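Please consult the sequence and the model below while reading.

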Amino acid sequence: MSDKTGNMNASPTLTGAEILWATLAGEGVTTVFGYPGGAILPVYDALRKFPTIHHVLVRHEQGASHMADGYARASGRVGVCVATSGPGATNLVTGLATAMLDSIPMVAITGQVASKVLGTDAFQEIDITGITLPITKHNFVATRAEDIAPMLREAFQIAQSGRPGPVLVDITKDAQQTSTPFDFDAAKPRPYRPHPMLRAESNEMQRAIELMRASTRPVILAGHGISQSGAEREVIAFAERHKIPVATTLLGLGAFPASHPLALGMMGMPGESWVNHAIQQADLMLAFGLRFDDRVTGNLAHYAPNAKKIHIEIDPSEINKNVKVDVALIGDLKQVLQTIAPLIDAAGSSREHDATGQWREQIRSLKGDASVRDILTLPDNGHLYAAHVIHDIWQEANAAGRLDQTIIATDVGQHQMWEAQYFRHDHTRTLMTSGGLGTMGFGLPAAIGAKMACPEKDVWVIAGDGGFQMTAAELSTIQQEKLHINIAVINNGFLGMVRQWQEAFYDKNYASSPILSPDFVKLADAHGIPGAHVMKRREVLPTVTRARTGEGSFLINFAVEKEDGVYPMIAPGSALHEMVRRPNPLLETSEE
């Protein structure tokens with residue numbers, strides 16, 4: 001690479017804006033989601049010189065952050081979003097918080113007013129690093145062009161190392177405009193120093209092996225850390241070798257195949273009754289890459305009272321934060337399992353004669369009729385339930401042999417829980433959903449990000465009528481990018497989860513939960529996207545097939561039963577096993 005004088009040995013002299021794009025290209029970035037504005041215009045002006053990077057113009061900066069998030073979840077790579085100063089930057093906040101709580105690697109780049117007017121309340125000046133400090137893994141302010149490459153490269157390292165998370169880089173306008181020599185290699189950050197690897201002879205390893213050998217009622221809790229670590233094969237091999245049943249968190253769905261004989265299903269507040277009962281009766285809990293969220297544990301005072309607990313976790317701050325454990329194995333899950341697996345075999349296991357066989361049979365008896373979620377056998381009395389919709393989307397993907405090539409992006413609410421219950425995820429990175437923050441409006445933009453990351457895959461949005469309206473403007477982004485994304489709006493005329501809680505805990509005071517919606521099919525048509533209304537059960541599968549096999553995006557408005565609920569559920573303050581059963585006789589099971 002030569003400078004402007006033709007000297008082949010010198011570093012090229014570039015503007016800060018050009019350095020930004022050159023650094024992103026050097027990091028392997030090919031897609032960026034953003035929205036231009038005054039304080040970031042030098043960056044947008046320089047973009048034309050970097051044809052390998054495709055910019056997706058969003059309709060709202062929140063959409064940019066969720067698209068970068070969905071891109072990262074689907075691909076495992078760092079998602080990148082760009083916004084201007086002031087309101088552009090603050091519109092990223094919800095997306096940054098969403099990524100932070102779900103440990104998603106993301107780099108957000110914001111423009112800032114010129115350094116000479118920082119602190120003067122200049123037009124569209126805001127202290128975005130101060131605002132985002134609690135909801136980012138780290139953030140930077142670049143006031144000089146020579147700071148941009150080192151800060152960006154370190155941002156990428158931080159975002160994807162250890163426990164992943166979002167990083168923000170704020171760049172003043174004069175830093176974007178000033179020229180300086182650029183050397184990508186020289187801007188490389190110092191090597192990341194992970195937590196020291198657990199030694200095979202460590203006390204923690206030996207104690208974990210002892211607990212494993214003594215256990216006859218073990219359960220593996222499979223969390224999001226499995227896919228983040230790339231440890232799917234190791235977890236399957238571990239479970240099969242020791243014949244241990246596996247329960248899954250919401251964000252862990254797909255990391256362990258739902259169809260596997262050892263798969264129990266989802267745990268926690270919206271989980272299966274037998275899964276929660278199994279956890280409460282277990283004598284050993286192996287927590288793989290999860291943080292013991294309150295929606296997983298229920299009342300902590302009564303959580304898994306009989307179980308010894310082994311927690312494998314990359315973030316030391318999560319150890320004993322919510323649940324006190326007996327053994328903490330701190331490190332990358334894949335590496336820890338690769339280390340401990342041969343040690344257990346060498347020590348000799350009490351499972352050589354399948355001591356857990358009786359335990360697995362006991363869990364099967366806990367399921368009873370509740371394990372049969374065959375909604376197709378329910379009588380068709382004219383009512384359309386969301387469960388029918390979710391099941392038929394799964395059935396269509398399964399029949400087409402496309403389950404491994406189907407990504408579901410959900411919004412947040414009842415439909416999110418029904419998706420987790422009725423769509424059987426057998427493959428990792430096939431569910432994009434906001435778990436920790438519970439962000440309404442997440443589904444549509446996250447699906448766009450996922451489709452940009454994996455254009456060969458079938459991408460579905462499953463959204464409620466409330467959350468969909470929050471980011472529906474991104475339908476235009478879909479059309480501008482000529483994407484094929486299928487959209488299922490579960491329309492029950494309510495903010496459904498709010499209504500269910502009002503029914504259960506607020507004496508049916510449905511304050512502000514009924515919601516008026518536009519004609520979603522007409523709304524899609526206004527953006528150039530065809531669609532259909534579905535109100536009858538027999539219409540679901542043919543319409544889903546039509547959407548999947550079509551050439552472009554398609555929206556389906558499913559008019560479902562208005563007052564259906566997600567069951568079983570755990571009331572606030574209740575123990576994990578104290579689940580509320582479904583009151584509707586039509587869909588009643590033996591869950592209790």
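Which residues does E396 touch, not counting residues up to four places away in sequence?

## Basis of the report

The model is predicted, and local features need pLDDT of at least 70, side-chain atom pairs count only at pLDDT 80 or more, and totals for chains, interfaces and linings use all residues. Residues are numbered from 1 along each chain as its sequence is written, and side-chain values use heavy atoms, with hydrogens and water left out.

E396 touches L541, V544, T545 and R548, with residues up to four places away in sequence not counted; contact means heavy atoms within 4.5 Å. The residue is found in helix α16 (residues 386-399). Helices (H or I, at least four residues) and strands (E, at least two) are DSSP runs, numbered from the N terminus. E396 counts as buried because its relative accessible area is 8%, where buried means under 20%, exposed over 50% and partly exposed in between (1.4 Å probe, protein chains only).

T248 lies in strand β10 (residues 246-248). T248 is likewise classed as buried, because its relative accessibility is 5%. Leaving aside residues up to four places away in sequence, T248 touches A222, L253, G265, M266 and M267.

## Nonpolar cores

A nonpolar core is a set of buried Ala, Val, Leu, Ile, Met, Phe, Trp, Tyr and Cys residues joined through side-chain atoms within 4.5 Å. The largest such core has 50 residues, of which F33, F468, I478, I485, I487 and L555 touch the most other members. Helix α18 (residues 443-453) gives the most to this core, namely seven residues. A second, separate core of 38 residues includes L20, F50, I158 and F182.

The contacts of L555, not counting residues up to four places away in sequence, are F468, I487, V489, F520, V521, A524, I529, P530, G531 and A532.

## Strand pairing

Strands of a sheet pair through backbone hydrogen bonds, either parallel or antiparallel. Two strands are taken to pair if DSSP finds at least two bridges between them. An open sheet of six strands, with parallel pairing, has the order β16-β15-β17-β18-β20-β19. Its edge strands, β16 (431-432) and β19 (531-534), each pair on one side only. Within this order, β15 (residues 406-410) and β17 (residues 458-464) run parallel and are joined by five bridges, and T410 stands opposite I462 in β17.

Elsewhere, strands β6 (residues 138-142) and β7 (residues 166-172) pair in the parallel sense over five bridges. N139 has L168 in β7 as its bridge partner. Together with helix α7 (residues 145-160), β6 and β7 make a right-handed β-α-β unit: with the strands pointing away from the viewer, the path from the first strand over the helix to the second runs clockwise.

## Cavities and a pocket

On a 1 Å grid over the protein atoms alone, a cavity is a set of points where a 1.4 Å probe fits but cannot get out, and a pocket is an open set with protein on both sides within 12 Å along at least five of seven lines; lining residues have an atom within 4 Å of a point. Grid points are joined across faces, edges and corners, and a volume is the space filled by probe spheres set on the points. There are two cavities of 30 Å³ or more. The largest cavity holds about 150 Å³, and of its 15 lining residues H224, S227, L251, R429 and L431 lie nearest its centre.

The second largest pocket has a volume of about 510 Å³. It is lined by 26 residues, of which A258, G265, E272, Q421 and R424 are the closest to its centre. At least two lining residues come from each of β11 (263-266), α16 and α17 (414-422), and β11 gives the largest share, four residues.
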